[in-house]
Amino acid sequence: MTAAVTAAGGTPPPAAALRPAPALVDPTARLRRSFLAAVAEYRADPGRPVPWFVTDVDPPALTDAAAFDAYVTRLLAERTEAGARPDAAVPMTTLWWADGDDLLGRIAVRHRLTPRLARIGGHIGYDVRPGARRRGHATAMLAAALPVAAALGIAEALLTCDETNTASRQVIEANGGRLTGSDAGKLRYLLPTA
(Lines give C-alpha, C1' and ligand atoms only; values in the text may rest on other atoms or scores of the structure.)
Protein backbone atom coordinates (compact mmCIF):
# COMPACT_ATOMS: atom_id res chain seq x y z
CA MET A 1 0.00 0.00 0.00
CA THR A 2 1.12 3.51 -0.66
CA ALA A 3 1.79 5.91 2.19
CA ALA A 4 -1.13 8.10 1.11
CA VAL A 5 -3.56 5.21 1.17
CA THR A 6 -2.22 3.90 4.48
CA ALA A 7 -2.36 7.34 6.07
CA ALA A 8 -5.92 7.81 4.90
CA GLY A 9 -6.85 4.41 6.25
CA GLY A 10 -8.42 3.38 2.95
CA THR A 11 -7.83 0.48 0.66
CA PRO A 12 -5.56 0.72 -2.33
CA PRO A 13 -7.19 1.59 -5.64
CA PRO A 14 -7.94 -1.29 -8.00
CA ALA A 15 -5.07 -2.32 -10.25
CA ALA A 16 -6.88 -0.87 -13.28
CA ALA A 17 -6.78 2.57 -11.66
CA LEU A 18 -2.98 2.33 -11.50
CA ARG A 19 -2.58 1.60 -15.21
CA PRO A 20 -1.53 4.47 -17.42
CA ALA A 21 -4.25 5.79 -19.69
CA PRO A 22 -4.27 4.79 -23.36
CA ALA A 23 -1.96 6.88 -25.51
CA LEU A 24 -1.00 7.52 -29.11
CA VAL A 25 2.06 5.52 -30.10
CA ASP A 26 3.99 5.07 -33.31
CA PRO A 27 3.09 1.88 -35.15
CA THR A 28 5.24 -0.90 -33.71
CA ALA A 29 5.77 -4.62 -34.17
CA ARG A 30 5.21 -4.98 -30.42
CA LEU A 31 1.46 -4.59 -31.06
CA ARG A 32 1.29 -7.19 -33.84
CA ARG A 33 -0.85 -9.71 -31.97
CA SER A 34 -3.37 -7.07 -30.93
CA PHE A 35 -3.32 -5.49 -34.40
CA LEU A 36 -4.19 -8.83 -35.98
CA ALA A 37 -7.01 -9.34 -33.48
CA ALA A 38 -8.32 -5.85 -34.30
CA VAL A 39 -8.24 -6.60 -38.04
CA ALA A 40 -10.29 -9.76 -37.40
CA GLU A 41 -12.80 -7.70 -35.37
CA TYR A 42 -13.16 -5.12 -38.14
CA ARG A 43 -13.73 -7.83 -40.74
CA ALA A 44 -16.32 -9.58 -38.55
CA ASP A 45 -18.26 -6.39 -37.73
CA PRO A 46 -21.54 -6.69 -39.65
CA GLY A 47 -22.66 -3.14 -38.90
CA ARG A 48 -19.94 -1.24 -40.74
CA PRO A 49 -17.79 -1.53 -43.84
CA VAL A 50 -14.19 -2.61 -43.31
CA PRO A 51 -12.07 0.54 -42.85
CA TRP A 52 -9.68 1.45 -45.66
CA PHE A 53 -6.63 0.99 -43.46
CA VAL A 54 -7.52 -2.70 -42.97
CA THR A 55 -7.72 -3.26 -46.71
CA ASP A 56 -4.43 -1.34 -47.08
CA VAL A 57 -2.50 -3.85 -44.95
CA ASP A 58 -0.01 -5.80 -47.03
CA PRO A 59 -1.57 -9.33 -47.06
CA PRO A 60 1.64 -11.13 -46.02
CA ALA A 61 1.77 -8.87 -42.94
CA LEU A 62 -1.25 -10.72 -41.61
CA THR A 63 0.57 -14.05 -41.47
CA ASP A 64 4.30 -13.33 -41.33
CA ALA A 65 6.12 -11.40 -38.56
CA ALA A 66 8.84 -10.11 -40.90
CA ALA A 67 6.21 -8.86 -43.35
CA PHE A 68 4.43 -7.14 -40.46
CA ASP A 69 7.71 -5.40 -39.57
CA ALA A 70 7.91 -4.22 -43.19
CA TYR A 71 4.31 -2.96 -42.99
CA VAL A 72 5.15 -0.95 -39.86
CA THR A 73 8.21 0.47 -41.62
CA ARG A 74 6.01 1.50 -44.56
CA LEU A 75 3.54 3.27 -42.24
CA LEU A 76 6.36 5.22 -40.63
CA ALA A 77 7.84 6.10 -44.04
CA GLU A 78 4.49 7.52 -45.20
CA ARG A 79 5.22 10.56 -43.01
CA THR A 80 7.73 11.89 -45.51
CA GLU A 81 7.41 13.20 -49.06
CA ALA A 82 9.83 10.52 -50.21
CA GLY A 83 8.07 7.74 -48.28
CA ALA A 84 6.36 4.98 -50.16
CA ARG A 85 2.64 5.76 -50.30
CA PRO A 86 -0.24 4.55 -52.39
CA ASP A 87 -0.78 6.53 -55.60
CA ALA A 88 -2.40 9.96 -55.11
CA ALA A 89 -1.93 9.90 -51.35
CA VAL A 90 -0.32 12.65 -49.31
CA PRO A 91 2.19 12.30 -46.48
CA MET A 92 0.40 11.23 -43.32
CA THR A 93 1.28 10.45 -39.77
CA THR A 94 -0.40 7.23 -38.65
CA LEU A 95 -0.55 6.65 -34.91
CA TRP A 96 -2.03 3.80 -32.94
CA TRP A 97 -4.14 4.28 -29.82
CA ALA A 98 -2.89 1.69 -27.38
CA ASP A 99 -3.34 0.66 -23.78
CA GLY A 100 -0.17 -1.24 -22.98
CA ASP A 101 -0.06 -4.07 -25.51
CA ASP A 102 -3.71 -3.62 -26.55
CA LEU A 103 -4.36 -1.77 -29.80
CA LEU A 104 -7.63 0.12 -29.41
CA GLY A 105 -7.67 2.22 -32.56
CA ARG A 106 -5.73 4.17 -35.15
CA ILE A 107 -5.67 7.72 -36.36
CA ALA A 108 -4.07 9.26 -39.42
CA VAL A 109 -3.19 12.94 -39.76
CA ARG A 110 -2.79 13.91 -43.40
CA HIS A 111 -0.16 16.61 -43.78
CA ARG A 112 -2.04 18.42 -46.55
CA LEU A 113 -5.18 18.03 -48.62
CA THR A 114 -5.70 17.10 -52.24
CA PRO A 115 -8.86 18.46 -53.91
CA ARG A 116 -10.54 15.10 -53.20
CA LEU A 117 -9.49 15.08 -49.52
CA ALA A 118 -10.70 18.67 -49.21
CA ARG A 119 -14.12 17.38 -50.24
CA ILE A 120 -14.22 13.94 -48.60
CA GLY A 121 -11.72 12.70 -46.04
CA GLY A 122 -10.14 15.81 -44.57
CA HIS A 123 -6.97 16.06 -42.51
CA ILE A 124 -7.77 13.45 -39.88
CA GLY A 125 -9.34 10.01 -40.06
CA TYR A 126 -9.75 7.58 -37.19
CA ASP A 127 -11.16 4.17 -36.30
CA VAL A 128 -11.72 2.41 -32.99
CA ARG A 129 -11.73 -1.38 -33.07
CA PRO A 130 -15.23 -2.81 -32.58
CA GLY A 131 -14.48 -4.35 -29.17
CA ALA A 132 -13.32 -0.99 -27.77
CA ARG A 133 -16.11 1.27 -29.06
CA ARG A 134 -18.43 3.38 -26.92
CA ARG A 135 -15.81 3.92 -24.21
CA GLY A 136 -14.61 7.41 -25.16
CA HIS A 137 -11.53 6.24 -27.05
CA ALA A 138 -12.33 8.10 -30.28
CA THR A 139 -12.86 11.38 -28.43
CA ALA A 140 -9.64 11.00 -26.45
CA MET A 141 -7.67 9.81 -29.49
CA LEU A 142 -8.77 12.79 -31.58
CA ALA A 143 -7.92 15.20 -28.74
CA ALA A 144 -4.46 13.63 -28.46
CA ALA A 145 -3.89 13.95 -32.22
CA LEU A 146 -4.68 17.67 -32.44
CA PRO A 147 -1.20 18.73 -31.22
CA VAL A 148 0.29 16.46 -33.91
CA ALA A 149 -1.72 18.33 -36.55
CA ALA A 150 -0.70 21.67 -35.03
CA ALA A 151 2.98 20.67 -35.16
CA LEU A 152 2.52 19.99 -38.88
CA GLY A 153 1.30 23.57 -39.37
CA ILE A 154 -2.40 22.72 -39.60
CA ALA A 155 -4.19 25.49 -37.68
CA GLU A 156 -7.68 24.20 -38.42
CA ALA A 157 -8.16 20.56 -39.35
CA LEU A 158 -10.89 19.56 -41.73
CA LEU A 159 -12.75 16.42 -40.65
CA THR A 160 -15.59 14.76 -42.50
CA CYS A 161 -18.03 12.05 -41.49
CA ASP A 162 -21.12 10.45 -42.91
CA GLU A 163 -24.30 12.39 -42.19
CA THR A 164 -25.67 9.26 -40.53
CA ASN A 165 -22.62 8.69 -38.28
CA THR A 166 -23.92 10.14 -35.02
CA ALA A 167 -21.03 8.74 -32.97
CA SER A 168 -18.40 10.43 -35.13
CA ARG A 169 -20.34 13.71 -35.09
CA GLN A 170 -20.31 13.61 -31.30
CA VAL A 171 -16.57 12.87 -31.22
CA ILE A 172 -15.75 15.79 -33.51
CA GLU A 173 -18.10 18.20 -31.74
CA ALA A 174 -16.77 17.18 -28.30
CA ASN A 175 -13.33 18.27 -29.53
CA GLY A 176 -14.57 21.70 -30.66
CA GLY A 177 -15.47 20.89 -34.25
CA ARG A 178 -17.61 23.49 -35.99
CA LEU A 179 -20.00 22.22 -38.64
CA THR A 180 -19.43 24.15 -41.87
CA GLY A 181 -21.75 22.28 -44.23
CA SER A 182 -22.25 19.01 -46.04
CA ASP A 183 -21.30 17.59 -49.42
CA ALA A 184 -22.10 14.25 -51.02
CA GLY A 185 -23.58 12.82 -47.81
CA LYS A 186 -20.60 13.92 -45.72
CA LEU A 187 -20.66 16.50 -42.95
CA ARG A 188 -17.73 18.91 -42.94
CA TYR A 189 -16.19 20.21 -39.73
CA LEU A 190 -13.35 22.60 -38.97
CA LEU A 191 -11.53 21.84 -35.77
CA PRO A 192 -8.92 24.14 -34.17
CA THR A 193 -5.72 22.24 -33.44
CA ALA A 194 -4.38 24.51 -30.70
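Reader: What volume does the largest pocket have?
Author: This is a predicted model, in which local features need pLDDT of at least 70 and side-chain atom pairs count only at pLDDT 80 or more, while totals for chains, interfaces and linings use all residues. Residues are numbered from 1 along each chain as its sequence is written, and side-chain values use heavy atoms, leaving out hydrogens and water. A pocket is an open set of points on a 1 Å grid over the protein atoms alone, with protein on both sides within 12 Å along at least five of seven lines. With grid points joined across faces, edges and corners, and volume taken as the space filled by probe spheres set on them, the largest pocket comes to about 1,400 Å³.

Reader: Which residues of its lining are the closest to the centre of the largest pocket?
Author: Lining residues have an atom within 4 Å of a point, and 46 residues meet that description for the largest pocket. The closest to its centre are Trp 52, Arg 106, Gly 125, Tyr 126 and Asp 127.

Reader: Which element gives the largest share of the lining of the largest pocket?
Author: Helices (H or I, at least four residues) and strands (E, at least two) are DSSP runs numbered from the N terminus. Those that each supply at least two residues include strand E3 (102-110), helix H7 (137-151) and strand E4 (124-128). The largest share, five residues, comes from E4.

Reader: How large is the largest cavity?
Author: A cavity differs from a pocket in that a 1.4 Å probe fits at its points but cannot get out. The structure holds one cavity of 30 Å³ or more, and among the residues lining the largest cavity are Phe 35, Trp 52, Tyr 71, Met 92 and Arg 106. Helix H4 (52-55), helix H5 (65-77) and strand E2 (92-99) give two or more residues each to this lining. The volume of the largest cavity is about 60 Å³.

Reader: Is His 137 buried or exposed?
Author: His 137 lies in helix H7, and its relative accessible area is 13%. Buried means under 20%, exposed over 50% and partly exposed in between (1.4 Å probe, protein chains only), so at 13% His 137 is buried.

Reader: With which side chain does the side chain of His 137 make a polar contact?
Author: Contact means heavy atoms within 4.5 Å, and, not counting residues up to four places away in sequence, His 137 touches Pro 22, Trp 97, Leu 104, Val 128 and Ala 132. A polar contact is a pair of N or O atoms within 3.5 Å, where within protein one must be able to donate a hydrogen and the other to accept it, and residues adjacent in sequence count only if both atoms are side-chain atoms. At 3.1 Å, the side chain of His 137 makes such a contact with the side chain of Trp 97.
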